[in-house]
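This report describes one chain, its interface with a second chain, and two residues of that second chain.

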Amino acid sequence: MEELTAWERVKRARSSERPTSIDYISGIFDRFMELHGDRVCRDDGAIVGGIARIEGIMVTVIGEQKGRTLKQNQKRNFGMPYPDGYRKALRLMKQAEKFGRPIICFVDTPGAFCGIEAEERGQGEAIARNLYEMSALKVPVLSIFIGEGGSGGALALAVANEVWMLENATYSILSPEGFASILWKDGKRANEAAGVMKITAEDLKELHIVERVFGESLPQKEEEPDGFAADGWGTMLENGALTADGDDTKQEDTEDEEEEPNVLNRDNMELVAGQLREGILEFLRVYHRKTPTQIVQERYERFRRF
Amino acid sequence: MGEKSKKGDFMADAFAEPQVPDGLFQKCEKCGEIICSEDVVTNYHTCPNCQAYFRVPPRARISMVADKGSFIEWDMGLPVSDPLKFPGYLEKLEHMRQVTGIDEAVLTGAVRIDGMPVAIGVMAASFMMGSMGEIVGEKLTRMIERATRERLPIVIFCSSGGARMQEGIVSLMQMAKTAGALKRHSDAGLYYVSVLTDPTTGGVVASFAMLGDTILAEPGALIGFAGPRVIEQTIGQKLPEGFQRSEFLLEHGFVDKIVKRERMKKTLSFLIEGSGGEKPSLVRTFAAPVPPQEKVEID
Ligand SMILES: [Zn+2]
């Protein structure tokens, strides 16, 4: 695993270059058919869901979906679901339970959407209902954090038998900015907050919040002369270190936009998707042998122990 | 026409349907083009020029999604019901039977879809607006009950103007009857796909059409409880473009997926494979890797 600060990982998790749920779905499953709608009010673009096949096994797949462009984000709402999204997810999960399909969730959200309509339609109720119903699903549930895991908006898809994270995914009670602003009355100390919040995959594995962490390290590129590449990296790390004290967040943002060759993106995600595919197949093999009662009880205890 | 009917799977059935234009050519009501009737039929009953969807006769519909020759019809010729003794109703029914070649506004039976046995109901908009009276409700309910007993998934192609007015309150009871049968089918762990085609309105929308585990719709179909004209008269406003069309329902969360006719069989097949009974995927043994054959469908 790469040596990065928590704040650097937060930035990786938020990067618009990072593969989204749809990218993983395409990269992992043999076939996927999207299904829409909460049967109440709306089809929420911030959550995609449907039925997928992997080596002949049918599963239900649900993922929080960010857009890359402004136009995509009009549909995806930056991956921030409305209550409608959580209700769609629950509808698909209950159907998965009815037909005995294991459930695979991809978590990637800054948080549940915050707004008037979201409250009117019961954002809190929708998240609560998911936790309540997911705790008793008779089929195995696996949640994989691929980017941001923002609070209740993430947990609403993560009451799972196992929770896995990618190396640079995060999972937290709220954003480092929010944490800093609440505890220190200073949102600019996000960088520092990230360092103490225990939001990285490694930290969360130690706390037994997650079962597995998947590395994002990529094979070395050959074309670049060694010295040049090392220099490039050295400079970037130094720049990172310089701003690590955190008063110039703007500079960091512009730095983000330069494409770093070693950072996980859609073009180089094949290896990570392959590892997740193997992991999912192994998960399915293990849980295939368990009874519904066992599956429910284990999930209950997984959260009971906290 | 006889020799031509060998050309496509569903041509023979389609040409046996009197409501398909007998002439070699017909005029498309959408684009006004004069089009060859045979092209319409081989083109899934769409306009070869503007791709407008024409209504599909029920037997042609079955041929479009079922394995060839697999349809076995159930519960034909149930006794006619005329609870209101409505003047002229029996004569009207008899006339419709002769004109359409089917005995009521729904056909039911069993088919195979990619080898998987499925109970099916197909409504006929051509038969008194596809309205639901006692026989329609009874045929569907018997089909659903039999599917529950025989542990079959169900597909219903809906197309209906709503309740059969000539049967009054008895027609309303069909909504509760079909819904109750579907609840038992669902509680038995069985799968039901409802397919909404143009038009699906009134009592059918407010009962079995909206109760699918999965709800599919054809593009551009009119789907709603109250008809658009009734709503406009009631609220005294013009309705927005696209109101109560499939795409509107998708956006509002009531439809899982809009499926074009040429993709319908493949879509049903995949969905039924994924929900073909109690716990199919957990019971299934882990087979050797299957090469990816089909793409990811995100829409
Ligand atoms: Zn036309």
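Two residues are in contact when heavy atoms of theirs lie within 4.5 Å. In this predicted model, 37 residues of chain A and 43 residues of chain B are in contact with one another.

**Chain A**

Chain A has 14 helices and seven strands. Of its 306 residues, 55% are buried. Among contacts in chain A with a separation of 6 or more, 74% join residues 24 or more positions apart. The accessible surface of chain A is about 13,600 Å², and carbon and sulfur atoms account for 53% of that surface.

**The interface**

Putting chain B and chain A together buries about 3,700 Å², with 55% of this area coming from carbon and sulfur atoms. The rule finds five salt bridges across the interface. In one salt bridge, the side chain of Glu297(B) meets that of Arg31(A), with an N to O distance of 2.8 Å. The interface of chain B and chain A also has 20 residue pairs in polar contact, both residues being at pLDDT 80 or more.

On the side of chain B that touches chain A, two or more residues each come from strand 8 (214-217), helix 9 (246-251), helix 10 (261-274), helix 11 (280-283) and strand 11 (296-297) of chain B. Helix 10 of chain B gives the most, with seven residues. By class, this side of chain B has 18 nonpolar, twelve polar and 13 charged residues.

| Residue | Element of chain B | Relative accessible area |
|---|---|---|
| Thr214(B) | strand 8 | 0% |
| Glu232(B) | helix 8 (residues 228-235) | 22% |

Thr214(B) counts as buried because its relative accessibility of 0% is under the cut-off of 20%. Neighbours within four places in sequence aside, Thr214(B) is in contact with residues of both chains: Leu35(A), Arg39(A) and Gln95(A), together with Tyr191(B), Tyr192(B), Val193(B), Ser194(B), Asp256(B) and Leu271(B). Strand 8 of chain B, where Thr214(B) lies, is one of the elements listed above for the side that touches chain A.

Beyond neighbours within four places in sequence, Glu232(B) is in contact with Gln237(B), Lys238(B) and Leu239(B).

Conventions. Residues are numbered from 1 along each chain as its sequence is written. Chains are lettered from A and ligands numbered from 1 in the order in which they are written. This is a predicted model: local features need pLDDT of at least 70, side-chain atom pairs count only at pLDDT 80 or more; totals for chains, interfaces and linings use all residues. Side-chain values use heavy atoms; hydrogens and water are left out. Helices (H or I, at least four residues) and strands (E, at least two) are DSSP runs, numbered from the N terminus. Buried means under 20% relative accessible area, exposed over 50%, partly exposed in between (1.4 Å probe, protein chains only). Accessible areas come from the Shrake-Rupley method with a 1.4 Å probe; for residues, only the protein chains shown count as cover. Buried area is the accessible area (1.4 Å probe) that two parts lose on being put together, summed over both. A salt bridge is a side-chain nitrogen of Lys or Arg within 4 Å of a carboxyl oxygen of Asp or Glu. A polar contact is a pair of N or O atoms within 3.5 Å; within protein, one must be able to donate a hydrogen and the other to accept it, and residues adjacent in sequence count only if both atoms are side-chain atoms. Ala, Val, Leu, Ile, Met, Phe, Trp, Tyr, Cys and Pro count as nonpolar, Asp, Glu, Lys and Arg as charged, and the others, Gly among them, as polar.
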